Amino acid sequence: PPSHHYALEITRSSKTSGTEVLSNAASGDASTLLAKLKSEKMLVDASIHDLEAQIETTSQSRPNEITMKMLHALQETLQEDIAALRHHVKAYKDADPQCVEEKREETEAMRSQAEKWTNNIDILEGWLRKALGAEQMDRLREECHGADYAAGEVLGD
């Protein structure tokens with residue numbers, strides 16, 4: 001039983017052996033010894049309870065501190081890794097045959113749209129030149145384009 005264990009521990013701490021405890025109990029001081037052992041057992045139980053509470057408090061606070069510090073460090077490391085990987089992906093993306101083909105197709109579509117609208121503008125200018133006359137058209141172009149327009153010149157990019 002647990003009470004024997006505590007009695008032995010208490011007797012060891014008081015420099016007596018288990019045989020002395022039993023002989024003292026048999027000699028008539030049993031009630032005094034029992035009262036003393038109960039008192040010491042209560043002190044030991046209280047100490048154990050306090051120590052367990054301290055261990056619990058310490059084990060709850062330290063892992064959280066350590067965990068939070070470790071998690072912040074890990075987060076920073078992972079963010080740096082992500083940034084480096086994004087940089088590498090971007091570098092490889094420019095050389096990726098699929099991306100190059102997509103850019104080529106986009107460029108061709110934009111070029112086609114630019115040619116279409118350039119042709120539409122040329123058609124409108126031709127129609128306006130016929131309707132207004134060359135002189136009137138030059139004034140209109142000068143008004144629209146300001147200093148960029150020189151009479152008789154075709155506007156560049």
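Modeller: A residue is termed buried under 20% relative accessible area, exposed over 50%, and partly exposed in between (1.4 Å probe, protein chains only). The structure is a predicted model, in which local features need pLDDT of at least 70 and side-chain atom pairs count only at pLDDT 80 or more, while totals for chains, interfaces and linings use all residues. Residues are numbered from 1 along each chain as its sequence is written, and side-chain values use heavy atoms, with hydrogens and water left out.

Biologist: What share of the residues in the chain is buried?

Modeller: Of the 157 residues in the chain, 6% are buried. Cysteine 99 counts as buried, at 12% relative accessibility, whereas cysteine 144 counts as exposed, at 57%.

Biologist: How many disulfides does the rule give?

Modeller: A disulfide is a pair of cysteine sulfur atoms within 2.5 Å; the count here is 0.

Biologist: How many helices and strands does the chain have, and where is confidence lowest and highest?

Modeller: Helices (H or I, at least four residues) and strands (E, at least two) are DSSP runs, numbered from the N terminus. The chain has 5 helices and 0 strands. The predictor's confidence in each residue is pLDDT, from 0 to 100; its mean over the chain is 78, and 73% of the residues reach 70 or more. Confidence is lowest in helix H1 (residues 2–13), with a mean of 44, and highest in helix H4 (residues 97–132), at 92. Over residues 1–19, pLDDT stays under 50.

Biologist: Which residue forms a salt bridge with glutamate 125?

Modeller: Its partner is arginine 141, the closest N and O atoms being 3.3 Å apart. Because glutamate 125 lies in helix H4 and arginine 141 in helix H5 (residues 134–145), the pair ties together parts that are 16 residues apart in sequence. Glutamate 125 is partly exposed at 22%, whereas arginine 141 is buried at 10%.

Biologist: Where do glutamate 135 and arginine 139 lie, and how exposed are they?

Modeller: Both are in helix H5, 4 residues apart, or about one helical turn, and their side chains meet in a salt bridge of 2.9 Å, N to O. Glutamate 135 is exposed, at 59%; arginine 139 is partly exposed, at 46%.

Note on methods. Contact = heavy atoms within 4.5 Å. Salt bridge = Lys/Arg side-chain N within 4 Å of Asp/Glu carboxyl O.
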